[in-house]
Amino acid sequence: MKTNAVPAVIMLTAGLLDCILSLYEHMSFFQFTKRLLIVLVAFYILGCAVKIVLDMNFKDEEEQEETEQEDMQEEEGVLPEEGQEEEPDSMEEPEDAQTNPDLSETE
């Protein structure tokens with residue numbers, strides 16, 4: 001799971017809410033910037049902690065998915081059983097096209 005954006009999203013959401021509340025309270029500019037800075041730093045640290053927890057919890061799930069994918073790839077790569085013929089990998093031109101160059105150019 002991609003969790004790189006989690007701290008930024010949490011920090012910016014908290015900053016937006018702080019801005020809205022500061023405008024509603026008619027706060028002075030100095031108090032507003034001071035409070036916004038504190039909120040952004042605090043919620044960035046909180047977001048980093050959330051990211052670490054998410055990474056630790058989803059680490060096990062990612063490892064399980066990788067092993068399942070490897071198992072499926074191994075099953076698909078199983079050789080055919082005896083008595084079954086494999087299809088040819090390359091398509092060969094018909095003998096007429098090999099002996100008569102006019103036929104191969106018309107197609």
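A residue counts as buried when its relative accessible area is under 20%, as exposed when it is over 50%, and as partly exposed in between. By that rule C48, at 25% relative accessibility, counts as partly exposed, and C19, at 24% relative accessibility, is likewise partly exposed. The model in which these values were computed is a predicted one, and a search of the whole structure finds zero disulfides in it.

With these terms in hand, the overall plan can be described. The protein has four helices and zero strands, so that its elements, read from the N terminus on, run α-α-α-α. Of its 107 residues, 12% are buried, while the accessible surface comes to about 9,800 Å², with 58% of that area belonging to carbon and sulfur atoms. Where contacts between residues at least 6 apart in sequence are concerned, 60% of them join residues that are at least 24 apart.

The helix to follow in detail is α1, which covers residues 6–24 and therefore has 19 residues; from its first C-alpha to its last it reaches 27 Å, close to the 27 Å expected at 1.5 Å a residue. Its buried residues are V6, P7, M11, A14, G15, D18 and S22. Seen down the axis of α1, these buried residues fall within an arc of 160°, which means that they line one face of the helix. On the face turned away from that buried side, α1 carries the exposed residues L12, L16, L17, L23 and Y24. What, then, covers the buried residues of α1? The cover includes α2, the helix that spans residues 29–76. After α1 comes H26, a residue whose phi is positive, near 55°.

P7 lies in helix α1, and because its relative accessibility is 4%, under the 20% limit, P7 counts as buried. Leaving aside residues up to four places away in sequence, P7 touches Y44, G47, C48 and K51, and C48 is the partly exposed cysteine described at the outset. P7 and I45 are also 38 residues apart in sequence, yet their C-alpha atoms are 7.5 Å apart in space.

Terms used. Residues are numbered from 1 along each chain as its sequence is written. This is a predicted model: local features need pLDDT of at least 70, side-chain atom pairs count only at pLDDT 80 or more; totals for chains, interfaces and linings use all residues. Side-chain values use heavy atoms; hydrogens and water are left out. Helices (H or I, at least four residues) and strands (E, at least two) are DSSP runs, numbered from the N terminus. Buried means under 20% relative accessible area, exposed over 50%, partly exposed in between (1.4 Å probe, protein chains only). The arc is that of the directions from the helix axis to the C-beta atoms. Contact means heavy atoms within 4.5 Å. A disulfide is a pair of cysteine sulfur atoms within 2.5 Å. Accessible areas come from the Shrake-Rupley method with a 1.4 Å probe; for residues, only the protein chains shown count as cover.
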